[in-house]
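Trainee: Could you show me how to read a few features of a model that is new to me?

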Amino acid sequence: MPFWNKKIETLPRDELEELQVKRLKDTVARCRKSRFYRKRLKDVDESLFTSPMDVSIIPFTTKDDLRANYDFGLVTVPKEEIVRMHSSSGTTGKATVIFHTRKDIETWSELVARCIVMTGACKTDVFQNIISYGMFTGGLGLHYGAEKVGMLIIPSGVGNTKRQIQLMKDFNTTVFHATPSYILYVSDVMVHEGLDPKEFDLRIGFVGAEPHSEQTRQRIEDIYDISVFNSYGMSELNGPGVAFECEEKSGMHLWEDSYLLEVVDPNTGEALAPGEEGELVVTTLSREAMPLLRYRTGDLARIIDDGDKCSCGRRHVRISRIKGRCDDMLIVKGVNLYPSQIEDVLMRFPEVATNYQIILERVSSLDSLTVRVELYPKMFNGDLRKLKKLEVDITKSIQDEIAVRPRIEFLEPGSLPRSEGKAVRVVDTRGEI
């Protein structure tokens, strides 16, 4: 198994937790230098901490706290020590800003390098970074990590899909980073141009920035004949590099020397046991400019194990793929559901192409759920009986999954809008007048 920093990645649990306690104490002390935490921590005595779970006596930090303390209210260093600012991608609500010192950038790059190497990628690879650069952390985060590994980087960013494909061909790209929805769209364009995605030199793909199902990952792997790895990160916690899959693909290792993880009930804030799905709450342990204590991410997942059972040898805890965000939950006809549940069903059908959209409307005061699905061109051959059977099968499968009967609309490829960033999967007009 390849390692970037084998000593820290395989650190025994007792030593890892001892390191967490030390860094937690240091982080709390550092946080007192910010305007926000100076008041928040007045009743906290970090010198008494003996276990990582002692963090639970500290109040949560929320995105609203970050917004209320815009611009420098959570900064713990003099402004002249700040070398970079990033902003959240603004998936929900107003964007927030995060600051980094030079050491923060170095630490972040180290974490991403660990992630890259544990997938089997190495310095001989050609890495095409098909993700937004700039205020969004995804582009520069993977860029700096790949640079540290020593890979040849093509910082192509998003968009201009035909040029992306040309770059892959001309420079023999072997590894890419992209959103799952966009890299699926790239494959559609390849096929349209008469190219076979399997004939490229690609061997590894990093996907993230939007929730996606295991079936979507498998679809990408099948289309390109590559190995695809799921990742997790958010700008408030640096960006990419918080957690990543190893070659075992049995969950994402979260780097516990830099992040202290809790899983809580999103409604009550009460701690949940390993294996129970809830909201991820993360404390940064190695940030200088803007450390965060018990940050409520809004992301839903579960702890797979305690960090001792992965055959790759790493001891850092593993988390499941992100099911969605707390605020992504839809209530349809009184039923709670997530878009990822519908995607999971759709991607099981080989007739379904790479794009879909969920439409929620109010019809005669009742909720109406429509799923618009693009099919591969071969399905539109005049065989209406085959299309009707597929419609019945998809309808039943979705209803079995979410307990709500949808209406299915079949569309030709390219009918739905494409996004070069995060895909817009849900259009909910029920609140419109």
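This is a predicted model: local features need pLDDT of at least 70, side-chain atom pairs count only at pLDDT 80 or more; totals for chains, interfaces and linings use all residues.

Mentor: Residues are numbered from 1 along each chain as its sequence is written, and side-chain values use heavy atoms, with hydrogens and water left out.

Trainee: Which residues have the most contacts inside the largest nonpolar core?

Mentor: A nonpolar core is a set of buried Ala, Val, Leu, Ile, Met, Phe, Trp, Tyr and Cys residues joined through side-chain atoms within 4.5 Å, where buried means under 20% relative accessible area, exposed over 50% and partly exposed in between (1.4 Å probe, protein chains only). Here the largest such core has 67 residues, and Ile116, Phe206 and Tyr232 have the most contacts inside it. Its largest share, 8 residues, comes from helix 5 (residues 102–117), helices being DSSP runs of H or I with at least four residues and strands runs of E with at least two, numbered from the N terminus. Apart from this core lies another of 25 residues, including Leu346 and Val371.

Trainee: Where is threonine 174 found, and is threonine 174 buried or exposed?

Mentor: Threonine 174 is found in the loop between helix 7 (161–170) and strand 5 (175–178), and it counts as buried because its relative accessibility is 14%. Contact means heavy atoms within 4.5 Å; leaving aside neighbours within four places in sequence, threonine 174 is in contact with residues including Val126, Asp201 and Ile204.
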